[in-house]
Amino acid sequence: MSARTLDELFFHWRAVIGAAPEGWARGFALSIQRNRRQANWKPTAKQLALMQQMVAELFTHADSSDGELIEKG
């Protein structure tokens with residue numbers, strides 16, 4: 001997986017939110033959406049890694065019928 005820029009991640013973020021299952025993944029996606037509106041906010045290294053993974057999985061599962069993304073438990 002190539003590292004995506006923050007702008008690229010945010011470009012796809014609404015699709016990530018829409019595809020995220022209820023639970024941890026959706027809560028994380030929504031929290032990123034809220035945080036990004038704050039001036040000078042930048043994700044931590046861990047948040048950025050998870051964001052990259054969620055966007056990558058969005059494309060990996062684009063043809064999948066189950067539409068599952070990351071599920072933390």
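Which helices do the buried residues of helix 1 pack against? In this predicted model, they pack against helix 2 (24-35) and helix 3 (45-60). The buried residues of helix 1 are Leu-9, Phe-10, His-12, Trp-13, Val-16 and Ile-17.

Helix 1 itself covers residues 6-19. At 1.5 Å a residue, its 14 residues should span 20 Å. The C-alpha atoms at its ends are 19 Å apart, which agrees with that expectation. Helix 1 also bends, by about 45 degrees, and the bend falls at Trp-13.

Trp-13 is also part of the core. The largest nonpolar core contains 16 residues. Those with the most contacts inside this core are Trp-13, Val-16, Phe-28, Ala-29, Ile-32, Met-51 and Met-54. At least two residues of the core come from each of helix 1, helix 2 and helix 3. In soluble globular proteins, nonpolar side chains tend to be buried together. Setting aside residues up to four places away in sequence, Trp-13 touches Phe-28, Ala-29, Ile-32, Gln-33, Arg-36, Met-51, Met-54 and Val-55.

His-12 is another residue of helix 1. Its relative accessible area is 18%. The limit for a buried residue is under 20%, so His-12 counts as buried. Not counting residues up to four places away in sequence, His-12 touches Val-55, Leu-58 and Phe-59.

Leu-48 belongs to helix 3. Its relative accessibility is 28%, so Leu-48 counts as partly exposed. Apart from neighbours within four places in sequence, Leu-48 is in contact with Leu-6, Leu-9 and Pro-43. Leu-48 and Ala-3 are 45 residues apart along the chain, and their C-alpha atoms are separated by 9.7 Å.

Aromatic rings were examined next. A pair of aromatic rings is described by the distance of the centres and the angle of the planes. A search of the whole structure finds two such pairs. One joins Phe-10 and Trp-41, with ring centres 6.5 Å apart. Their planes meet at 35 degrees, so this pair is tilted. Phe-10 lies in helix 1, whereas Trp-41 lies in the loop between helix 2 and helix 3. The pair therefore ties together parts that are 31 residues apart in sequence. Phe-10 counts as buried, at 16% relative accessibility. Trp-41 is buried too, with a relative accessible area of 18%.

The other pair is Trp-24 and Phe-28. Their ring centres are 5.3 Å apart and their planes are at 5 degrees, so the pair is stacked. Both residues are in helix 2. They are four residues apart, which means that about one helical turn separates them. An α-helix has 3.6 residues a turn, so residues three or four places apart point the same way. Phe-28 is buried, with a relative accessible area of 9%.

A charged group also meets one of these rings. The charged end of Arg-36 sits over the ring of Phe-10, 4.2 Å from its centre. Arg-36 is also among the residues that Trp-13 touches.

How values were computed:
Residues numbered from 1 in each chain as written. Predicted model: local features only at pLDDT ≥ 70, side-chain atom pairs only at ≥ 80, totals over all residues. Heavy atoms only, no water. Expected span 1.5 Å × (residues − 1). Bend = angle between axes of the 7 residues up to and from the residue. Buried < 20%, exposed > 50% of the residue type's maximum accessible area, 1.4 Å probe, protein only. Contact = heavy atoms within 4.5 Å. Core = buried A, V, L, I, M, F, W, Y, C linked by side-chain atoms within 4.5 Å. Phe/Tyr/Trp six-rings, centres within 6.5 Å; stacked < 30°, edge-to-face > 60°. Lys NZ or Arg CZ within 6 Å of the ring centre and 35° of its normal.
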